[in-house]
Amino acid sequence: APLIGISPSVANIIEGQQLTLPCTLLAGNPIPERRWMKSSAMLVQNPYITVRSDGSLHIERVRLQDGGEYTCVASNVAGTNNRTTSVAVHGRRSGVNGDTGRRELLR
């Protein structure tokens with residue numbers, strides 16, 4: 001079965017920052033196919049969430065709703081392996097500019 005390199009089990013990130021989650025193939029013959037899941041659904045790429053050629057997942061500007069469980073799945077005829085990283089997104093305390101700031105003012 002494919003072998004995936006160690007990746008962090010938890011990633012803490014501030015809203016608005018970049019995030020790259022690795023998915024390094026250490027072994028696998030034939031070459032495994034890699035795909036990313038978020039909270040057990042297929043991850044849909046968009047202009048700010050992309051899977052790079054090395055298999056890593058890159059989020060350009062993390063939003064609060066991007067938090068959750070991200071799983072890289074590598075599979076070939078010999079089997080399937082996966083690695084999951086739990087991403088925790090923390091809101092910026094940015095006064096009136098950010099959403100968190102607006103919510104603080106409304107309370």
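Guide: Start with strands: a strand is a DSSP run of E, at least two residues long, while helices are runs of H or I of at least four, and both are numbered from the N terminus. Two strands pair if DSSP finds at least two bridges between them. This model is predicted, so local features need pLDDT of at least 70 and side-chain atom pairs pLDDT 80 or more, while totals for chains, interfaces and linings use all residues. Residues are numbered from 1 along each chain as its sequence is written, and side-chain values use heavy atoms, leaving out hydrogens and water.

Visitor: How many bridges pair β9 and β10?

Guide: In general, strands of a sheet pair through backbone hydrogen bonds, either parallel or antiparallel. Here β9 and β10 are antiparallel, with nine bridges. A hairpin of two residues links them. Asparagine 76 faces glycine 79 in β10. β9 also pairs with β5 (residues 33-38), again antiparallel, over six bridges. There, glutamate 33 has serine 75 of β9 as its bridge partner.

Visitor: In what order do the strands of the three-stranded open sheet stand?

Guide: The order is β3-β8-β7, with antiparallel pairing. β3 and β7 (49-51) have a single partner strand each, so one side of each lacks a neighbour in the sheet. Neighbouring strands are turned by 15° against each other on average, direction ignored. Such angles come from axes fitted as lines to C-alpha atoms, for helices over the stretch in contact, and run from 0 to 180 degrees between N-to-C directions. Three bridges connect β3 with β8. Leucine 19 sits opposite isoleucine 59 of β8.

Visitor: Which residues touch the most other members of the largest nonpolar core?

Guide: In soluble globular proteins, nonpolar side chains tend to be buried together. Buried means under 20% relative accessible area, exposed over 50%, and partly exposed in between (1.4 Å probe, protein chains only). A nonpolar core is a set of buried Ala, Val, Leu, Ile, Met, Phe, Trp, Tyr and Cys residues, joined through side-chain atoms within 4.5 Å. The largest one here has 18 residues, and Leu19, Leu21, Trp36, Leu57, Ile59, Tyr70 and Val87 touch the most other members. At least two residues come from each of β2 (10-14), β3 (19-21), β8 (57-59), β9 (68-76) and β10 (79-90). β9 gives the most, three residues. In β9, eight of nine residues are buried.

Visitor: What does valine 87 contact?

Guide: Contact means heavy atoms within 4.5 Å. Beyond four places in sequence, valine 87 contacts Ala11, Ile13, Leu19, Leu21, Asp66, Gly67, Gly68 and Tyr70. Valine 87 lies in strand β10. It is buried, at 6% relative accessible area. Its C-alpha lies 7.8 Å from that of aspartate 66, 21 residues away along the chain.

Visitor: How many salt bridges does the structure hold?

Guide: Side chains of opposite charge can pair when their charged atoms come close. The cut-off is a side-chain nitrogen of Lys or Arg within 4 Å of a carboxyl oxygen of Asp or Glu. The structure holds one salt bridge. Arginine 63 and aspartate 66 form it (3.8 Å, N to O). Arginine 63 is partly exposed at 37%, and aspartate 66 is buried at 3%.

Visitor: Which side chain of opposite charge is nearest to glutamate 15?

Guide: Lys and Arg count as positive, Asp and Glu as negative; His and the chain ends are not counted. For glutamate 15 the answer is arginine 92, 4.6 Å away. Glutamate 15 is buried yet has no salt bridge. It is found in the loop between β2 and β3. Its contacts beyond four places in sequence include Arg63, His90 and Arg92.
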